[in-house]
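Here's a quick tour of the model shown below.

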Amino acid sequence: MEGLLDPVLQDPRLILGQQLCGLFMFVFWLALVFWTWRDATKRGAMAWFWSLVVLIFNIAGWAIYMVVRPPEYVDDVRERQLEIKSREAALSRDSGRCPSCFRPVEPDYVVCPNCMRTLRKECVECGRALDMKWTICPYCKTRQGTPQAEGTGIAGRATASRGQASSRSASSKKGGASAKAAEGEGTV
Ligand SMILES: [Zn+2]
Ligand SMILES: [Zn+2]
């Protein structure tokens, strides 16, 4: 039997094939070690230890690593913790507690109804409650000026806007009337 198989086993093509397979397995094994090292580093596992395990036990070691590796990347965990922290900060900021008496207050309160502490300032234009630090109103884009300018600003702008509003309503009434007239013409 051996004598019969000898020419097949000594075929240079078979030997070359075997060598190529061996080379592939060697490169694959090194790549597996490298991959394990990188993956373990990202996940905060002991990179050197797991690289050694894969180096010694090859695919069996890699399989063990795949089973016991930490489920998440360290960066993801850190990012999520940061997100949770920032959300908590936002919640505590928006949860609405007066900073001096700690009674609950609504986010649009200008003063605390309990201790009279000024919580927010009013927009000089639209009157909405703004953060004390804001220099521009995020609702109506009005720059927030000095208190003196505020008073005149409110009065002047209020009358102006009232005038606009009345003229607008008048024109809309007119528009409505003409529209009705048009409708009437249409039906007749
Ligand atoms: Zn208060
Ligand atoms: Zn405003």
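Axes are lines fitted to C-alpha atoms, for helices over the stretch in contact, and angles run from 0 to 180 degrees between N-to-C directions; under 35 degrees counts as roughly parallel, over 145 as roughly antiparallel, 65 to 115 as roughly perpendicular and the rest as oblique.

## What you're looking at

This is a predicted model, where local features need pLDDT of at least 70, side-chain atom pairs count only at pLDDT 80 or more, and totals for chains, interfaces and linings use all residues. Residues are numbered from 1 along each chain as its sequence is written, while chains are lettered from A and ligands numbered from 1 in the order in which they are written.

The protein chain has 6 helices and 2 strands, and from the N terminus on they run α-α-α-α-α-β-β-α. Both kinds of element are DSSP runs numbered from the N terminus: helices are H or I with at least four residues, strands are E with at least two. Of the contacts in the protein chain between residues at least 6 apart in sequence, 19% join residues at least 24 apart.

## The core

How much of the protein chain is buried? Buried residues make up 6% of its 188 residues. A residue is buried if 20 or more other C-beta atoms lie within 10 Å of its own, exposed if 12 or fewer, and partly exposed in between.

The largest nonpolar core has 5 residues in all: V33, A40, W50, V54 and Y65. Such a core is a set of buried Ala, Val, Leu, Ile, Met, Phe, Trp, Tyr and Cys residues joined through C-beta atoms within 7 Å. Both α2 (12–43) and α3 (47–57) supply at least two residues of this core. Take V33: setting aside neighbours within four places in sequence, V33 is in contact with S51, V54 and L55.

## On to α4

Next comes the pairing of α3 with helix α4 (residues 59–68), at an angle of about 145° and with axes 6 Å apart. Here W50, V53, V54, I56 and F57 in α3 meet A60, G61, W62, I64 and Y65 in α4. The residues of this contact divide into 9 nonpolar, 1 polar and no charged.

N58 sits in the loop between α3 and α4. N58 isn't a glycine, yet has a positive phi of about 60°, and is partly exposed with 15 other C-beta atoms within 10 Å.

You'll find K141 in the loop between β2 (129–130) and α6 (147–187). K141 is exposed, with 10 other C-beta atoms within 10 Å.

E106 belongs to the loop between α5 (74–94) and β1 (121–122). E106 is exposed too, with 9 other C-beta atoms within 10 Å. G96 is 10 residues away from E106 along the chain, and their C-alpha atoms are separated by 5.7 Å.

Key
Contact = placed C-beta atoms within 7 Å. Nonpolar A, V, L, I, M, F, W, Y, C, P; charged D, E, K, R; others polar.
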